[in-house]
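Here is a short briefing for a first look. Please keep the sequence and the structure open side by side.

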Amino acid sequence: MNLFSRLKRLGGAACKNSATLPVTAAAETPVDSTEVFKTIAEDKLLGSKPTPEIVDMVQEEKITVADGADEQMLGSGGPDEKLAGRDEVKFIKGDHQNGDAKIDIGHVNGKAAFTGMSKEELMKYANDPFWVRLRWIFFVGFWVIWAAMLVGAIMIIIGAPKCAAPQPLPWYKRGPHAKFAGIEAAKPDDVETAKKIHATGAIYELPAALTYSVSQPEVEQQIKKLVAQYQASDVKVILDLTPNYVGKESKLVQDALENKEKRAAFVWVSGRSVPPTNWLKVGGNRSAWEQLDDSYVLSQFQDGYYDLKMNSSIIRNEFGGVLRHLVELGVQGFRLKNTKFFVLSDSLEDEVISAVPKDLNLGPSEYGFYDHKQTTFLSGLGDVLYEYLSIVKNASADAFLSVAEDIVQPEVYQLSEVAGANGIDLPMYGNFVKVLSKSKPEKSLFKNLENTLLQAGNGSWLQWNFRDVYVDTPHDPSALALFLSMLPGVPVVSVDAIEYQNVTEKTYKHIEQLRHSASYMHGELKLYEADPLVAFSRQRIKSGNPGYFVIFNPTDSPQSSNITNAHDLPDKMTVSVFSENFNNYEEGDKVTPLGKVSLGDLKVAPQSAIILTYVPVKTE
């Protein structure tokens with residue numbers, strides 16, 4: 001039942017002048033009931049004044065409507081749509097002739113719902129000074145804040161630190177290093193010799209007897225002269241030191257003879273009539289114990305020279321003072337010899353027979369017959385070396401400390417509390433240089449190189465000792481120099497070796513340029529199987545830097561570059577540099593610098609190397 005039918009039911013204009021209109025919330029279930037209305041006001045005569053009269057109609061509280069009309073008017077009758085409380089409906093009669101009427105619905109309790117302000121009410125405040133001023137404040141404030149945020153954003157962009165460019169490698173990692181003889185043989189021409197290979201360091205050996213005598217005027221003057229010799233160049237002076245034993249006449253031994261507390265610097269055993277252990281001299285067949293007065297003192301090296309315990313506080317202070325003084329004199333690098341003997345056993349137990357002797361013909365009186373676990377590679381060696389490294393770094397941040405020999409057991413040189421970290425700067429490990437320079441390698445070059453880098457520790461920057469190259473190697477020395485120089489590490493070139501004498505300055509200049517590139521200094525190394533070839537890439541992840549692809553052919557015939565797993569390499573590459581013999585073979589491909597080659601079709605000349613550049617391929 002709609003509203004107009006309800007009005008008609010109330011009598012219209014011909015019957016009653018007033019009626020009561022029921023208003024209820026829709027019931028959820030229709031209920032049969034009788035609607036009861038009561039008259040609130042009676043209408044006047046039809047001929048009276050046209051002044052509208054109001055008829056209030058209120059539904060009795062106990063009456064419900066079951067005809068569905070209220071449900072149509074009020075909605076679906078859900079709980080959210082029910083009218084709260086009681087509603088008051090006012091029927092206002094208007095013009096009788098055209099039947100106009102108004103209906104006003106409100107709460108009986110007088111609490112009207114909030115409906116906001118009308119346009120007419122709002123317009124009364126449009127020109128009010130207070131609101132005009134407030135609107136202007138908000139308007140100006142909005143744009144001021146917006147402008148401030150814009151300026152702030154610009155200032156942040158301008159003032160924010162830019163991404164710093166990767167730092168170049170320190171000088172001792174850039175290399176190569178030129179290896180000379182002892183400091184007593186140094187001469188002014190050595191500077192030009194070092195410049196031929198574009199060296200960043202020149203290595204000289206300080207005699208073992210002078211290690212703890214660097215403060216003596218004659219030794220100090222000799223070192224100063226050597227440093228001054230290289231002062232006008234970019235070459236730094238590096239010294240090879242032997243700090244693990246001293247002579248009988250040294251101050252350390254004399255102090256130990258006078259003061260028993262000073263004997264803690266040595267392996268000093270008193271009250272014995274026979275040698276304490278079966279330890280032998282290094283490489284010899286005689287006892288390593290020497291009798292000094294009424295005691296036995298360990299002497300594994302030369303007669304009259306006694307081993308030092310490099311982990312004792314006495315030697316730490318003494319040798320630390322030597323390193324600091326040499327840095328003050330201008331020495332910027334140190335390579336230590338005999339490091340595997342730096343920590344010695346305090347238990348004084350006999351050496352055990354080696355499970356894998358170097359020579360089966362050796363007997364119990366031979367040094368190689370034993371495993372030497374009491375005198376070499378003892379636990380804590382890496383921590384001891386790190387203490388000396390810290391002394392050097394505190395004296396000069398640009399200086400370094402390393403070793404002069406193969407470390408053999410890389411894990412012993414690592415720190416005990418920092419996994420994978422070495423106690424030295426530039427380890428020397430493995431026999432890859434020897435294997436590479438053989439005419440017919442017994443093992444896979446790929447596997448040997450992979451194992452060398454893996455065992456040395458990821459991220460290790462090795463010393464590649466060019467002196468290990470066989471004198472009778474069939475390979476072009478320039479090919480070996482190019483290949484080894486692009487591996488992570490620093491080449492150490494002995495000036496009297498084949499790698500210096502038979503490689504031109506032009507090749508070493510190319511090596512210097514390649515090693516100074518971002519792709520080499522900060523790029524990743526990736527090895528590729530290409531048997532019998534050996535190949536690797538140096539590529540930096542950041543875009544804009546070319547990658548380098550290095551190939552070496554150890555065979556005596558041209559080989560196709562059948563690289564496996566080369567999905568990240570483009571087929572077309574640019575020639576950067578190649579070994580000096582590369583174009584000397586008729587069977588091989590002839591290449592030119594900056595020329596384009598197809599990796600799949602390239603034939604690498606025998607016993608030669610080539611370095612290609614390429615734009616890295618983006619892989620999903």
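Predicted model: local features only at pLDDT ≥ 70, side-chain atom pairs only at ≥ 80, totals over all residues.

Residues are numbered from 1 along each chain as its sequence is written, and side-chain values use heavy atoms, with hydrogens and water left out.

**An open sheet**

- Three strands, in the order β8-β10-β9, make up an open sheet with antiparallel pairing. Strands are DSSP runs of E with at least two residues, helices are runs of H or I with at least four, and both are numbered from the N terminus. Two strands pair if DSSP finds at least two bridges between them.
- β8 (268–270) and β9 (289–292) are the edge strands; each has a single partner, so one side of each lacks a neighbour in the sheet.
- On average, neighbouring strands of this sheet are turned by 30° against each other, direction ignored. The angles are taken between axes, which are lines fitted to C-alpha atoms (for helices over the stretch in contact), and run from 0 to 180 degrees between N-to-C directions.
- β9 and β10 (residues 295–298) run antiparallel and are joined by four bridges. Trp 289 stands opposite Leu 298 in β10.

**A buried serine**

- Ser 299 sits in the loop between β10 and β11 (305–307).
- Ser 299 has a relative accessible area of 0%, so it is buried. Buried means under 20% relative accessible area, exposed over 50%, and partly exposed in between (1.4 Å probe, protein chains only).
- A polar atom of the Ser 299 side chain lies 2.6 Å from the backbone oxygen of Tyr 305.
- Not counting residues up to four places away in sequence, Ser 299 touches several residues, including Lys 281, Ala 288, Glu 290 and Asp 307. Contact means heavy atoms within 4.5 Å.

**Helix α12**

- α12 (residues 445–456) has twelve residues. From first C-alpha to last it reaches 16 Å, close to the 16 Å expected at 1.5 Å a residue. The expected span is 1.5 Å times one less than the number of residues.
- The buried residues of α12 include Leu 445, Leu 449, Thr 452 and Ala 456. An α-helix has 3.6 residues a turn, so residues three or four places apart point the same way.
- Among the elements covering the buried residues of α12 are α11 (432–437) and β14 (462–465).
- Ser 444 caps the N-terminal end of α12, with a side-chain oxygen 3.3 Å from the backbone nitrogen of Phe 446.
- Just after α12, Gly 457 has a positive phi of about 110°.

**Nonpolar cores**

- The largest nonpolar core has 110 residues, and Tyr 230, Phe 266, Phe 319 and Leu 326 have the most contacts inside it. Such a core is a set of buried Ala, Val, Leu, Ile, Met, Phe, Trp, Tyr and Cys residues joined through side-chain atoms within 4.5 Å.
- A second, separate core of 21 residues includes Tyr 528 and Met 573.

- The Gly 175 to Pro 176 peptide bond is cis, with omega near -5°.
- Asp 531 and Pro 532 are also joined by a cis peptide bond, with omega about 5°. Pro 532 lies in the loop between β16 and β17.
- Leu 348 is not a glycine, yet has a positive phi of about 55°. Leu 348 is partly exposed, at 24% relative accessibility.
- Gln 607 has a positive phi near 50°. Gln 607 is buried, with a relative accessible area of 13%.

Notes. Polar contact = N/O pair within 3.5 Å; in protein donor to acceptor, adjacent residues only side chain to side chain.
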